[in-house]
Amino acid sequence: MPEVKPQSATAPMLTSIATVSISGTLTEKLQAIAAAGFQGVEIFENDFLAFDAPAREVGRMVRDAGLNITLFQPFRDFEGLPEPQRSRAFERAERKFDLMQELGTDLMLVCSNISPLALGGIDRAAADFHELGERAARRGLRVGYEALAWGRHINDHRDAWEIVRRAAHPNIGLILDSFHTLARRIDPNSIRAIPKDKIFIVQLADAPRIDMDLLYWSRHFRNMPGQGDLPVLDFMRAVAATGYDGVLSLEIFNDQFRGGSPRMIAMDGRRSLVALMDQVRRQEPGIAIAVPEMPDRIAVQGVEFIEFAASETEAASLAALFRSLGFRLAGQHKSKNVAWWRQGEINLVINTEPEGFAHAAYLLHGTAVCDIGLRVEDAAATLLRARQLGAGIFEQAVAPGELAIPAIRGVGGGLLHFLDRKSELARVWEIEFTPVADDSQAEAAGLTRIDHVAQTMPHDEMLTWILFYTSLFATRKTPPVDIVDPAGLVRSQVIENGDGSLRLTLNGAENDRTLAGHFLAERFGSAVQHLAFASDDIFATAAALSRNGFKPLPLSPNYYDDLEARFGLEPDLLDRLRAANILYDRDEAGEYFQLYSPNFGGGFFFEIIQRCGYAGYGAPNAPFRIAAQKRHLAPATAL
């Protein structure tokens with residue numbers, strides 16, 4: 001297992017999340033936040049105002065859930081006002097101080113003024129905060145000042161810090177919010193010079209990089225650290241460099257989260273903070289926050305196997321399909337009804353056991369992929385990191401002669417198993433399977449390895465699984481792509497590692513009329529919708545497949561007429577593409593060839609690809625492929 005370096009930090013990692021970040025009633029939010037493992041919660045004022053209980057009772061509910069109220073927020077339009085608005089602002093603050101004491105919290109957030117009445121001026125604002133600090137101190141309270149990215153006069157944390165510095169009051173401090181700094185492209189390294197004791201709380205949020213009004217962007221598109229495009233890691237490195245050891249809190253405004261599962265979103269939030277701080281401590285030695293110990297993000301070396309759950313009857317048709325693709329039966333499990341098929345480096349497994357996980361998956365989803373085996377650098381380390389990130393660990397009884405292969409729950413409740421080459425796991429096929437001499441006449445088709453695995457899910461789950469994969473494995477996410485289906489858009493995003501040995505395409509369906517949505521409806525939830533196999537010569541592969549009796553997905557002749565116009569292909573190449581129903585794309589890096597099987601069952605299919613320097617996934621061809629698949633979509637049946 002990779003060495004985990006000891007830390008010198010002594011302060012525990014304290015995490016919090018604002019109630020506005022998740023959906024539900026205040027009671028449901030508190031339950032979800034506590035279940036996810038947070039220690040604290042920010043009470044967003046609207047959540048309190050909408051709740052039918054007095055402040056003292058709300059405070060008790062929070063504490064009964066095992067949480068602390070880390071912050072009450074927001075207090076708006078305070079500093080730099082003329083009279084009589086200035087006096088009124090102090091009166092409002094005193095009312096909020098009363099409420100805070102009833103709730104049982106000592107910190108209030110004041111965001112920079114956006115009122116057209118605000119006069120501006122650093123010294124004027126500092127004087128207002130000094131007086132507010134005096135009033136707060138008499139009650140044992142503190143006030144944190146935050147620069148809104150759209151503040152009328154103060155929209156930069158550097159100016160907010162100058163106001164706090166000039167206020168010169170121990171009960172007045174700074175609140176740093178990653179969105180407000182990074183949305184305005186302010187260098188976060190300026191934070192490194194701020195004294196740690198003047199940073200009262202740190203709020204974290206990510207967001208996709210979108211060119212739009214800052215307020216609208218903030219109110220609708222924030223997401224968890226690691227789910228967006230902002231350099232939140234750089235921001236948090238700068239904060240950690242000050243020696244800050246206080247609360248790390250999430251403040252997320254997101255339309256999707258407002259309608260999602262509060263428990264899932266809270267779990268994502270906690271995972272995002274743990275993963276972020278793990279990366280911070282690796283790049284900022286000696287930070288003052290004790291981050292949970294875990295190995296670094298795990299290097300994946302490839303897909304070791306894909307397992308299908310099936311009934312005995314459907315296994316026969318699936319086996320026939322494998323043979324038409326050039327696979328040979330390589331072995332039979334020594335104690336289970338599990339068959340191993342192989343071609344090149346590709347291992348496919350059909351599990352027809354009448355009990356156990358695969359059988360339960362079959363009863364729920366029909367014949368479908370139930371398990372993905374990943375070859376990793378260290379299987380035990382992978383499980384340890386997954387556990388620290390809150391993944392669901394999967395365990396089942398191991399029969400004599402079987403290996404205990406580490407596993408976790410993944411997309412749609414399916415499994416991810418981890419194997420490595422440094423332990424007995426490297427001999428899984430030898431240990432658990434008896435070789436079989438396949439006397440089939442099927443011809444190998446030149447398929448070499450699994451190029452990518454495509455998982456389909458409801459669109460509102462995509463951010464969850466993007467975070468899941470990128471926080472656990474040494475991978476990156478590519479920019480999102482909209483796939484045009486005749487019945488609507490499918491949102492697609494790829495998770496991949498540096499050498500392409502792991503490529504996962506995540507496809508989010510927004511309605512059940514699209515092919516992806518139809519698949520979800522047929523499979524009763526998220527699952528692998530297609531597997532893409534690599535070939536070094538797709539024309540030779542197509543010829544071998546034809547000899548095996550494989551029938552490719554037929555495409556419209558209009559597609560090939562357009563290819564000629566778009567790319568100016570040589571007539572001979574165009575004829576070969578048309579004859580074999582092969583799709584083609586090209587970019588500045590190279591060429592891409594795609595061949596598809598027809599649909600099986602509710603929309604599962606296989607893809608065969610050849611890459612010639614091309615790094616993408618043939619997105620321009622997706623509308624034509626989907627249209628062809630819909631034309632040949634059979635009535636709903638088992639695979």
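Predicted model: local features only at pLDDT ≥ 70, side-chain atom pairs only at ≥ 80, totals over all residues.
Local features need pLDDT of at least 70 and side-chain atom pairs pLDDT 80 or more, while totals for chains, interfaces and linings use all residues. Residues are numbered from 1 along each chain as its sequence is written, and side-chain values use heavy atoms, without hydrogens and water.

**View 1. A hairpin joins strand 21 to strand 22.** Two residues make the link. Strand 21 (residues 481-485) and strand 22 (residues 488-496) pair in the antiparallel sense over five bridges; pairing requires at least two DSSP bridges. Strands are DSSP runs (E, at least two residues) and helices likewise (H or I, at least four), numbered from the N terminus. Look for aspartate 485, whose bridge partner is glycine 488 in strand 22.

**View 2. Threonine 15 sits in strand 2 (residues 15-18).** Threonine 15 counts as buried because its relative accessibility is 1% (buried means under 20% relative accessible area, exposed over 50%, partly exposed in between, with a 1.4 Å probe and protein chains only).

**View 3. The largest cavity has a volume of about 80 Å³.** Among its 13 lining residues, the closest to the centre are Gln73, Glu146, Leu148, Arg219 and Glu251. A cavity is a set of points on a 1 Å grid over the protein atoms alone where a 1.4 Å probe fits but cannot get out, and lining residues have an atom within 4 Å of a point; the volume is the space filled by probe spheres set on the points, which are joined across faces, edges and corners.

**View 4. The second largest cavity has a volume of about 40 Å³.** Its lining includes Glu146, His157 and Thr181. Strand 7 gives the largest share of this lining, four residues.

Note on methods
1 Å grid on protein atoms, 1.4 Å probe; cavity = no way out; pocket = protein on both sides within 12 Å on 5 of 7 lines; lining within 4 Å.
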